[in-house]
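Got the viewer open and ready to click? Let's take a walk through this one together, stop by stop.

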Amino acid sequence: VDGLSEIDHVETLVIQDNDALLELDGLQGLKTIDKALTISGNKTLESIAGLKNVASTLSGDLILTYNDALLTLTGLQGIDETQKLTVTGNKMLSNLSGLALNKVASVIRVSGNDSLSTVLGLESLTKLHWELYIEDNPQLLHIDALSNVVGTTGSRIRIVNNPKLENIDGLSGITKINTELYLADLPKLENLEGVANVSQIEGQLTIQKCNSLTDLSDMQALTSAGAMRIQYNTGLIQLGFPQYGDEIDGSLYIVSNTNLESISSLSLVEEIQGGLSIGKNHALPTLTGLDKVQELGGILHIFDNGSLEDLTGLGSLEKVSSQMTISQNGELKTLLGLGKLSSVGGNLTIEQNPSLIHFDSLEGLKSVAGGLDIGENDDLTNINGLSKLTSLGNTIYVDNNAELENVDGLSGLTGN
């Protein structure tokens with residue numbers, strides 16, 4: 001690019017898809033870029049130090065993508081602000097040294113950089129104004145360079161599929177997340193000390209496939225979340241939220257945590273505005289921890305929990321606003337725990353629970369707005385617990401319950 005040596009100012013600079021370009025030394029005369037800088041798809045580009053004299057606040061985006069040979073971001077130290085920062089698919093980049101940004105107004109995305117081991121270069125940032133994505137960086141070890149970020153985030157944080165990431169301590173200054181915290185596919189993550197100071201998550205908390213976590217007790221300040229999805233964490237033994245409060249604004253999913261033994265740290269929760277799904281937690285013996293929940297704003301789905309013998313823990317539940325399904329719980333013998341349930345707002349399905357003997361604990365159920373499906377409960381002898389059910393909104397299916405001799409428990413239904 002030596003022919004551009006006289007240029008000292010541009011609105012937007014795009015350097016893209018130049019297969020033989022090695023460096024940008026011909027741009028050393030460039031002093032200012034007003035809007036945006038894109039360096040993308042330059043397969044052989046090793047250095048951008050030729051931009052070292054640029055001193056700018058970008059009103060647009062800084063995009064650095066798919067420069068396979070790029071070793072360092074040295075040359076960008078004069079750019080102090082940008083709307084969006086994207087660093088993606090730079091195979092040889094080991095860190096972000098060379099950046100000196102003190103503000104990114106919108107999205108920060110660091111993803112798919114095969115050699116990236118740290119995010120060194122982001123240490124001048126003090127606030128996440130919008131979204132942070134750190135994804136698919138196979139060599140990333142830590143994000144300590146974000147440790148100067150404090151306070152409330154503008155939106156979501158997603159840290160996904162960084163298989164060597166051992167901690168997220170760089171997030172320790174954050175106290176509130178305005179949309180979502182999504183931690184997934186982080187098999188080496190051993191603790192959550194980096195989010196120990198987060199007291200509130202306005203949107204959803206997702207912890208998924210973080211198989212080295214044994215509990216979530218490091219989230220010691222967390223008192224509320226819009227929704228929770230805790231799933232596919234094979235090492236998780238207990239939730240362990242020390243201070244979690246009385247409400248979940250959305251749904252609660254606790255699914256496929258094969259060694260989970262306790263959810264008791266949710267014991268203060270009185271209201272779940274969305275649904276509740278608990279399934280495939282094969283070591284979970286009880287639902288104790290949900291004892292104060294009186295109403296579900298969505299579905300209730302209890303499925304494939306291999307150690308669950310009853311539903312103790314749901315003793316305060318009076319209303320399920322949508323469908324209710326209890327299925328494939330191999331050791332479930334009774335529905336003890338559902339004694340206060342009076343209405344289901346959708347279909348009621350109880351199926352494939354081979355050890356379930358009776359429905360006696362449903363003696364308070366009066367109304368099901370949808371259909372009733374009772375099937376493949378091998379040991380079920382009677383459904384007399386449904387004797388107070390007087391209102392049913394749809395079809396009844398009672399099928400393949402080998403020991404069931406009659407349906408006298410449905411005698412309260414008339415005109416359905």
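Is Ser327 buried or exposed? With a relative accessibility of 5%, Ser327 counts as buried. Now show what surrounds it. Leaving out residues up to four places away in sequence, Ser327 touches His301, Ile302, Phe303 and Asp304, and also Glu351, Gln352 and Asn353. Before you move on, keep in mind that you're looking at a predicted model.

Next, some salt bridges. How many salt bridges does a search of the whole structure find? The search finds 9. Pick Glu180 and Arg156 to see one of them: their closest N and O atoms are 2.8 Å apart. Glu180 lies in the loop between strand 12 and strand 13, while Arg156 is in the loop between strand 10 (151-153) and strand 11, so this pair ties together parts that are 24 residues apart in sequence. Glu180 is buried, at 11% relative accessible area, whereas Arg156 is partly exposed at 21%.

Arg158 belongs to strand 11 and Glu180 to the loop between strand 12 and strand 13, so here the parts being tied together are 22 residues apart in sequence. Now widen the selection to Arg109, Glu131, Glu135, Arg156, Arg158 and Glu180, and you'll have a linked network of salt bridges on screen.

For another salt bridge, jump to Lys333 and Glu331, whose side chains meet at 3.8 Å, N to O. Lys333 is partly exposed, with a relative accessible area of 33%, and Glu331 is partly exposed too, at 35%.

Time for the surface view. Colour Asp246, Asp249, Glu270, Glu271, Glu295 and Glu318, and you'll see them gather in a patch of negative charge. Zoom in on Glu271: this residue is in strand 18 (residues 271-272) and is partly exposed, with a relative accessible area of 38%.

Ile7 comes in the segment before strand 1 (9-16), and at 34% relative accessibility Ile7 counts as partly exposed.

Most residues other than glycine have a negative phi. Select Asn161, though, and you'll find a positive phi, near 55°. Asn161 is in the loop between strand 11 (157-160) and strand 12 (174-177), and is partly exposed at 34% relative accessible area. Ser256 is another non-glycine residue with a positive phi, about 60°. Look for Ser256 in the loop between strand 17 (252-255) and strand 18; Ser256 is buried, at 10% relative accessible area.

Last stop: Lys188, in the loop between strand 13 (181-184) and strand 14 (200-208). At 47% relative accessibility, Lys188 counts as partly exposed. Which residues does Lys188 touch, not counting those up to four places away in sequence? They are Pro163, Lys164, Leu165, Glu166 and Ser212. Finally, draw a C-alpha to C-alpha line from Lys188 to Cys210: the two are 22 residues apart in sequence and 7.3 Å apart in space.

Key
Residues numbered from 1 in each chain as written. Predicted model: local features only at pLDDT ≥ 70, side-chain atom pairs only at ≥ 80, totals over all residues. Heavy atoms only, no water. Patch = residues over 30% accessible without salt bridge, like charges linked within 9 Å, V, L, I, M, F, W, Y side chains within 5 Å. Areas by Shrake-Rupley, 256 points an atom, 1.4 Å probe, with all protein chains shown as cover. Salt bridge = Lys/Arg side-chain N within 4 Å of Asp/Glu carboxyl O. Lys, Arg positive; Asp, Glu negative; His and termini not counted. Charge placed at Lys NZ, Arg CZ, Asp CG, Glu CD. Helix = DSSP H or I, 4+ residues; strand = E, 2+ residues; numbered from the N terminus. Buried < 20%, exposed > 50% of the residue type's maximum accessible area, 1.4 Å probe, protein only. Contact = heavy atoms within 4.5 Å.
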